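Hello,

Here is the structure I promised to pass on. Please open it first, then read my notes below.

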Amino acid sequence: MDKLGFKPVPAAVAVGLALLIWFVIPVPSGVTPQAWHLLAMFVGVIAAIIGKAMPIGALSMVAVMLVAVTGVTSGKPSDAIKDALSSFASPLIWLIGVSIMISRGILKTGLGARIGYYFISLFGKKTLGIGYSLALSELILAPVTPSNTARGGGIIHPVMKAIASSYDSDPEKGTQGRIGRYLALVNYHSNPITSAMFITATAPNPLVVDIIAKATNSDIHLSWGTWALAMLLPGLAAMLLMPLVLYFVSPPEIKATPNAAQFAKDRLAELGKMNRGEKIMLAIFALLLILWAGIPAWIFGKAFAVDATTTAFIGLSLLLLSGVLTWDDVLKEKSAWDTITWFAALVMMATFLNKLGLISWFSDALKTGIEHTGMGWAGASVLLLLVYMYAHYMFASTTAHITAMLAAFYAAGLALGAPPMAFGLIMAAASSLMMTLTHYATGTAPVIFGSGYTTLGEWWKAGFVMSVVNLLVFTVIGGIWWKILGFW
């Protein structure tokens, strides 16, 4: 007999929570029954994602079905299914899906590994230099690799492991402390910082953009260029500090690594000269950055502006036309199609929770609770930020966390008087920086933690230290930078 398509225990918990909210907890005053019933389904779906009751894409199909069949958004069945499928037309969702397809080219051509080995050949004479080389490689790949798991786990991690093994630093031999543990931590902690720096550096970022736009009635709609400019200085500061902080938190036994630079040069020699595919990939990479940064519009005027999602389609089309990617490559990029599916379902549910008034009701309740403490907007903003950030200990998915909490917390901050742009930016940064905390915080974590270079205690300790350092950098340096830019 075939197995069930879901895990019974987490599925039962998720269904139980949904039924409890739907049938047992009375609908609060000021909330419509439709909004409350949608909340019940939403909580059930989030609980199922956290408990891994089913793959997130499969859960999303169930969510679409439930919204359509219950008619919580519309009593007319044909309108209910249109509502349930509405987010599949969202340009933000396709921006991420298509960008993941583009990043396939970085893996397929070998350009990502070449970039990693190139920086190690330049800076790899000290262990700290290798750390900075890995961080720099991650940063360069980030704008066009929205799957942070593919970037940190698929491209940088094999390079890191090759360097560690060249020093006989192997968890199976008990020699991970030589150099591997430090490099594995740098490999991982580069990931949350670079994810915070570009809209296209991790899949949930466009969800953050969407939530901030809806909360401010589109007064604040973060473009690719605005986000990148805002996160540039705090992001670079955090990237400069991170390898150094980890060097003290988890010091490697081997400090000088003269052979690493030579090892990287040998690997580059094996790769040979850049092939046609790598050259085309590099040119398209540059074109995407120019268009996403809005440089043609800045030089030639608004008539030359290109939408961010259109830019992604230009990049993918050029890769297909040049033969660097085939349609089969695109079809095999499961994570892209999976992301489009679950993203659309979660954005749809979050959108209708907002439209049906539940988010404003919940944010009002949060605001009232904080007002009773007598805090000003600054204290309230810090409290909301810290609770939002450290709640990630309870989540195994940044997407589930952002969908569940960001809209209400951001709206409560605005209601308490926080500057909309600056508060939006720090909450956007925290939505990636929270990945530092645990070995299940995002998809990259199990890949790197699973390679065995660190113990659970070492991972959590480094994660907490880096979360504090990153938050301070983005709050202080980011706050000053955003003031200079006129964002508050």
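Is L316 buried or exposed? L316 is buried, because its relative accessibility is 7% and the cut-off for buried is under 20%. Keep in mind that this is a predicted model.

L316 sits in helix α15, which covers residues 308-322. Leaving aside residues up to four places away in sequence, L316 touches V98, M101, I102, L325 and V330. V24 is another matter: its C-alpha atom is 49 Å from that of L316, and 292 residues separate the two along the chain.

Now the whole chain. The protein chain has 23 helices and zero strands. Its radius of gyration is 23 Å, close to the 23 Å from the globule rule for 488 residues, so the chain is as compact as a globular protein of that length. Along the principal axes, the C-alpha atoms fill a box of roughly 70 × 65 × 50 Å. Buried residues account for 55% of the 488. Take the contacts between residues at least 6 apart in sequence: 78% of them join residues at least 24 apart. The accessible surface is about 20,000 Å², and carbon and sulfur atoms hold 69% of that.

Next, charges. The chain carries 29 positive and 21 negative side chains. The centres of the two sets lie 5 Å apart. Side chains of opposite charge can pair when their charged atoms come close. The count here is nine salt bridges.

- E458 and R181 meet at 3.4 Å, N to O. E458 is in helix α23 (residues 456-484) and R181 in helix α9 (residues 180-197), so this pair ties together parts that are 277 residues apart in sequence. E458 is partly exposed, at 27% relative accessible area, whereas R181 is buried, at 17%.
- D210 and K214 meet at 2.7 Å, N to O. They are four residues apart in helix α10 (residues 205-215), which means about one helical turn lies between them. D210 is buried, at 17%, and K214 is partly exposed, at 32%.
- K367 pairs with E371, with the closest N and O atoms 3.7 Å apart. Both lie in helix α18 (residues 358-371), four residues apart, about one turn of the helix. K367 is partly exposed, at 24%, and E371 is partly exposed, at 43%.

There is also a network: salt bridges that share partners join D168, K173 and R178.

Best wishes

How values were computed:
Residues are numbered from 1 along each chain as its sequence is written. This is a predicted model: local features need pLDDT of at least 70, side-chain atom pairs count only at pLDDT 80 or more; totals for chains, interfaces and linings use all residues. Side-chain values use heavy atoms; hydrogens and water are left out. Helices (H or I, at least four residues) and strands (E, at least two) are DSSP runs, numbered from the N terminus. Buried means under 20% relative accessible area, exposed over 50%, partly exposed in between (1.4 Å probe, protein chains only). Contact means heavy atoms within 4.5 Å. The radius of gyration is taken over C-alpha atoms; the globule rule is 2.2 Å times the number of residues to the power 0.38. Accessible areas come from the Shrake-Rupley method with a 1.4 Å probe; for residues, only the protein chains shown count as cover. Lys and Arg count as positive and Asp and Glu as negative; His and the chain ends are not counted. The place of a charge is taken as NZ of Lys, CZ of Arg, CG of Asp or CD of Glu. A salt bridge is a side-chain nitrogen of Lys or Arg within 4 Å of a carboxyl oxygen of Asp or Glu.
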